[in-house]
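Please keep the sequence and the coordinates at hand while reading.

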Amino acid sequence: MALLVFLLLCVAVMALCLSMNRHHRQVFKETPGQTLRYGLRALGYGSLLVSAIVASHAYGLGVGLSLFTGLFTVAILLCAFAMTYLEAREP
């Protein structure tokens with residue numbers, strides 16, 4: 001169950017990251033349209049909500065939210081390192 005929560009958090013963080021103009025341009029070399037930006041934000045916030053619900057349902061409220069917070073931190077760091085790597089390898 002923790003793996004499912006982690007994967008949902010990775011999807012959420014990457015969607016929220018790609019909803020920003022700078023990061024989307026960094027990955028895809030073009031800025032996203034307004035509809036795509038709003039869709040990515042909705043996917044990101046929805047995935048955050050679903051992962052928090054899954055974690056608290058599977059492990060109880062206290063442990064689930066603690067697990068959610070820890071895995072959220074790891075997912076953010078993974079996304080940050082990936083974006084830094086993408087920026088460093090650009091010609």
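Which residues of α1 are buried? They are V5, F6, L9, C10, A12, V13, A15, L16, C17 and L18, where buried means under 20% relative accessible area, exposed over 50% and partly exposed in between, with a 1.4 Å probe and protein chains only.

## Basis of the values

This is a predicted model, in which local features need pLDDT of at least 70 and side-chain atom pairs count only at pLDDT 80 or more, while totals for chains, interfaces and linings use all residues. Residues are numbered from 1 along each chain as its sequence is written, and side-chain values use heavy atoms, with hydrogens and water left out.

## Helix α1

Helices are DSSP runs of H or I with at least four residues, numbered from the N terminus. Helix α1 covers residues 2-18, and its 17 residues should span 24 Å at 1.5 Å a residue, which agrees with the 24 Å between its end C-alpha atoms; the expected span is 1.5 Å times one less than the number of residues.

## The nonpolar core

A nonpolar core is a set of buried Ala, Val, Leu, Ile, Met, Phe, Trp, Tyr and Cys residues joined through side-chain atoms within 4.5 Å. The largest such core has 16 residues, of which L9, L48, F68 and A75 touch the most other members. Helices α1, α3 and α4 (61-88) each supply at least two residues of this core, and α1 gives the most, with eight residues.

Contact means heavy atoms within 4.5 Å. Leaving aside neighbours within four places in sequence, A75 is in contact with F6, L9, C10 and V13.

S51 lies in helix α3, which runs over residues 34-59, and S51 counts as buried because its relative accessibility is 0%. Apart from neighbours within four places in sequence, S51 is in contact with V5, L8, L9 and F68.

S66 is found in helix α4, and at 52% relative accessibility S66 counts as exposed.

## The aromatic pair

The structure holds one aromatic pair, for which ring centres of Phe, Tyr or Trp (its six-membered ring) must lie within 6.5 Å, planes under 30 degrees apart counting as stacked, over 60 as edge-to-face and the rest as tilted. The rings of F68 and F72 have centres 5.8 Å apart and planes at 15°, so this pair is stacked. F68 and F72 are four residues apart in helix α4 and therefore separated by about one helical turn. F68 is buried, with a relative accessible area of 14%, whereas F72 is partly exposed at 25%.
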